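Keep the structure in view while reading.

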Amino acid sequence: MKNEFSLNEPLQNKIRELCQSVDGPFYVYDTAHIVQNCRSFMDISYANKSIHFALMANAQTRFLRIIKDAGLGVFVNSVLHLELVLSLGFSGEDIVYAASAMDIATMRKAQACGCLVILDSMSQFRLWHSLFPESTAGIRCNIGSRVVPRNTLAGYFIGKESRLGLTMEEVAELSGHPAISGLHSYLGTDILDIEYFMECYTRITELAGMFPELKFLDFGGGFGLGGDLSKKLDLQAYGAQVTSLMDKLSAQVGRSIKLLLEPGRIIGGAAGYFVCRVTDIKEREGLRLIGVNASVAQFPRPLFYPDSAFHPVTLLQQNPASKDEQYMSSIYGCSTYSRDFLAREVLLPRAEMGDVVVLGYAGSYSAGAYTHFLGFPEADEYYL
Ligand SMILES: Cc1ncc(COP(=O)(O)O)c(C=O)c1O
């Protein structure tokens with residue numbers, strides 16, 4: 001995998017400036033990059049749409065204010081996140097609440113604030129309908145029997161291997177139900193293949209005719225960043241194709257069906273960086289072990305996804321070493337936990353004590369995945 005990534009000058013300056021005053025590790029985000037990513041979704045030409053940022057990717061207040069100002073709504077899957085977005089001024093219609101195994105109290109809370117609720121099973125739908133016979137909701141459809149499901153970064157989200165959503169038989173049982181206002185699906189995460197998106201979306205549109213009161217299709221998230229920086233999702237091509245699909249569907253059913261998307265990772269992933277400092281160095285059989293003033297508990301993706309988390313590393317050196325000489329290096333955290341590694345076996349210039357280590361692709365599923373395990377504080381966050 002490629003390791004180098006470009007850290008533009010303003011970012012480098014910001015990081016160097018922060019390092020003067022901040023002792024501990026921190027995250028830094030490039031606001032313009034986040035806004036640009038939001039815009040690429042808002043620019044999808046299908047007019048009847050709303051884009052809901054998935055809070056599980058990053059639930060920092062400042063981050064959420066940026067996406068709110070950029071015109072996005074939110075997708076949440078827990079009461080805490082729901083309360084957070086309400087406190088930030090998102091209104092019910094800006095919020096999609098999709099979860100599984102919701103209890104009655106959660107359903108009441110979601111219904112009371114007027115957000116759009118997506119239900120995950122037959123019995124969840126029946127419970128909802130018995131509690132709120134006048135309210136409509138969406139259902140999550142497991143369309144895996146209609147396509148060849150793909151194993152994505154975090155496994156299967158459709159098909160027999162997935163616990164989520166109603167089967168096609170269950171969806172058919174609800175056919176004609178007037179309380180169903182939308183169909184939802186989530187195909188997997190870090191997907192780059194537009195053809196796969198479109199194939200699955202097409203299967204969902206084929207279910208639309210079953211529901212006379214259908215108002216929206218929610219195609220979820222899953223938009224990929226790519227694992228080696230060489231591939232990128234072509235969002236313009238994606239936008240054109242999803243627009244054409246929705247235009248066709250709306251023409252078929254004779255009314256405009258709203259398009260909902262729930263991008264998570266792609267909005268901030270490449271716009272965030274984790275920054276820490278070299279505090280120890282060991283040589284071990286040709287491997288340079290670089291100790292830092294941070295723990296994987298503060299930057300947990302390499303812990304959750306040891307085989308697939310991709311975070312290119314760059315060094316900001318006090319005395320820049322020759323880039324021609326590269327050393328196989330691993331970056332380890334300052335606990336005694338044996339798996340406390342922030343990066344393993346990457347080629348780097350010769351790191352020295354006090355150098356600054358910057359890990360890229362750290363804007364999604366990183367700060368938000370912080371764990372108390374090991375006893376380190378949450379890393380501070382700053383914005384350019
Ligand atoms: C239902 C749903 N929507 C959206 C997302 C965001 O996904 P991604 O970050 O892959 O875009 C998730 C993530 O798990 C999800 O479960």
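In this predicted model, helix α9 has an exposed side that carries Q236, A237, K248 and A251. Its buried residues are V242, L245, M246 and L249. Viewed down the helix axis, these buried residues fall within an arc of 95°, so they line one face of α9.

- Helix α9 runs over residues 235–253, which makes 19 residues.
- At 1.5 Å a residue the helix should span 27 Å, and because its end C-alpha atoms are 27 Å apart, the two values agree.
- The cover over the buried residues of α9 includes helix α8 (194–205) and strand β9 (258–261).
- Just after α9 comes G254, which has a positive phi of about 80°.

**Around the ligand**
- The ligand is surrounded by 15 residues, and the closest are A54, T189, G221, G264 and R265.
- By type, the shell around the ligand holds 8 nonpolar, 5 polar and 2 charged residues.

**The whole protein**
- The secondary structure consists of 11 helices and 16 strands.
- The radius of gyration is 22 Å, close to the 21 Å given by the globule rule for 384 residues, so the protein is as compact as a globular protein of that length.
- The C-alpha trace spans about 70 × 40 × 35 Å along its principal axes.
- Of the 384 residues in the protein, 42% are buried.
- Among contacts between residues at least 6 apart in sequence, 72% join residues at least 24 apart.

Definitions and conventions: Residues are numbered from 1 along each chain as its sequence is written. This is a predicted model: local features need pLDDT of at least 70, side-chain atom pairs count only at pLDDT 80 or more; totals for chains, interfaces and linings use all residues. Helices (H or I, at least four residues) and strands (E, at least two) are DSSP runs, numbered from the N terminus. The expected span of a helix is 1.5 Å times one less than its number of residues. A residue is buried if 20 or more other C-beta atoms lie within 10 Å of its own, exposed if 12 or fewer, and partly exposed in between; C-beta atoms are placed from the backbone. The arc is that of the directions from the helix axis to the C-beta atoms. Two residues are in contact if their C-beta atoms, placed from the backbone, lie within 7 Å. A residue is near a molecule or strand if its C-beta atom, placed from the backbone, lies within 6 Å of it. Ala, Val, Leu, Ile, Met, Phe, Trp, Tyr, Cys and Pro count as nonpolar, Asp, Glu, Lys and Arg as charged, and the others, Gly among them, as polar. The radius of gyration is taken over C-alpha atoms; the globule rule is 2.2 Å times the number of residues to the power 0.38.
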